[in-house]
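Me: I'm new to this structure and would like to understand the words used to describe it. Could you walk me through them?

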Amino acid sequence: MKTIKLVVFDMAGTTVNENNIVYKTVQKVINDLGYTVTLDNVLEFGAGKEKHQAITDVLQNCTNSSAVKKEAAAAFTAFKPELEVAYDTLEIGTFDGMLSFFKKLKNHHIRVVLNTGYDAKTAAKLLAKLAWNIGEEIDMLITADDVKNGRPAPDMIHKAMQQFEITDPSYVLKAGDSEIDIIEGKNANCGLTIGVLSGAQTREQLEAAKPDYILNLVTELESILLN
């Protein structure tokens, strides 16, 4: 394994502990259309994706909708204000030891990038609630708004590599709590792909994407990267 120079971590469920608020909100706006989808349905078909795509895929796979495109647009329009209220009113935290872990990575000259299927406004609100700042706690934030193609396309990882002038993806690690995070990393040819069990999906779901490691928390990477 080459020395890792750049880590790209997912936000919700990987570095940010928000108790699946985003996916519960996706579930709500779909069920407000008159359907009955479960949170497990949403996590199976929507985890890690840009949220309009997540809504579309849940509608397509879990309902009998005959107007998926139209209903997805309506649900997504409702989704943004619903999520904003949720994030304004509910407690958002991080997993134990996260900031210390970030600091140790940076002390070892490893760039710390967060990427997300959220839009830029939502991601920025999360950072503000956590008092995480670009250039301090993290080196870069990349959202679904910043690239043409969302996960599982490798565009967000490629953008991070370009920012820090890394041309060899074997120096890059991608970690996330969904199968699509792992596929994103593999599509970018990352040196390591990591699944974590702290968020959206189960070990069995993550194993389907064949990550190099499955960890309980992303902070467990310390023993892999820094020893």
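Me: What makes the crossing of α1 and α4 right-handed?
Reply: A crossing is right-handed if the near helix is turned clockwise from the far one by less than a right angle, and left-handed if anticlockwise. The crossing of α1 and α4 is of the right-handed kind. Bear in mind that this is a predicted model, where local features need pLDDT of at least 70, side-chain atom pairs count only at pLDDT 80 or more, and totals for chains, interfaces and linings use all residues. Residues are numbered from 1 along each chain as its sequence is written, and side-chain values use heavy atoms, with hydrogens and water left out.

Me: Why are α1 and α4 called oblique to each other?
Reply: Helix α1 (residues 21-31) and helix α4 (residues 68-89) pack at about 140°, and their axes are 9 Å apart. Angles under 35 degrees count as roughly parallel, over 145 as roughly antiparallel, 65 to 115 as roughly perpendicular, and the rest as oblique. The pair is therefore oblique. The axes are lines fitted to C-alpha atoms, for helices over the stretch in contact, with angles running from 0 to 180 degrees between N-to-C directions. Helices themselves are DSSP runs (H or I, at least four residues), as are strands (E, at least two), numbered from the N terminus.

Me: Which residues make the contact between α1 and α4?
Reply: Contact means heavy atoms within 4.5 Å. On α1, the residues include V22, V26 and V29, and on α4 they include F79, L83 and Y87.

Me: Why does T116 count as buried?
Reply: Buried means under 20% relative accessible area, exposed over 50%, and partly exposed in between (1.4 Å probe, protein chains only). T116 has 2% relative accessibility, so it counts as buried. T116 sits in the loop between β4 (111-115) and α6 (120-130). Among the residues T116 touches, not counting those up to four places away in sequence, are D10, R151 and M156.

Me: And why is E184 called buried?
Reply: E184 has 0% relative accessibility, so it counts as buried too. E184 belongs to helix α8 (residues 179-187), and its C-alpha atom is 9.1 Å from that of G150, 34 residues apart along the chain.

Me: What makes a set of residues a nonpolar core?
Reply: Such a core is a set of buried Ala, Val, Leu, Ile, Met, Phe, Trp, Tyr and Cys residues joined through side-chain atoms within 4.5 Å. The largest one here has 56 residues, and F9, I55 and L173 have the most contacts inside it. Its largest share, 8 residues, comes from α4.
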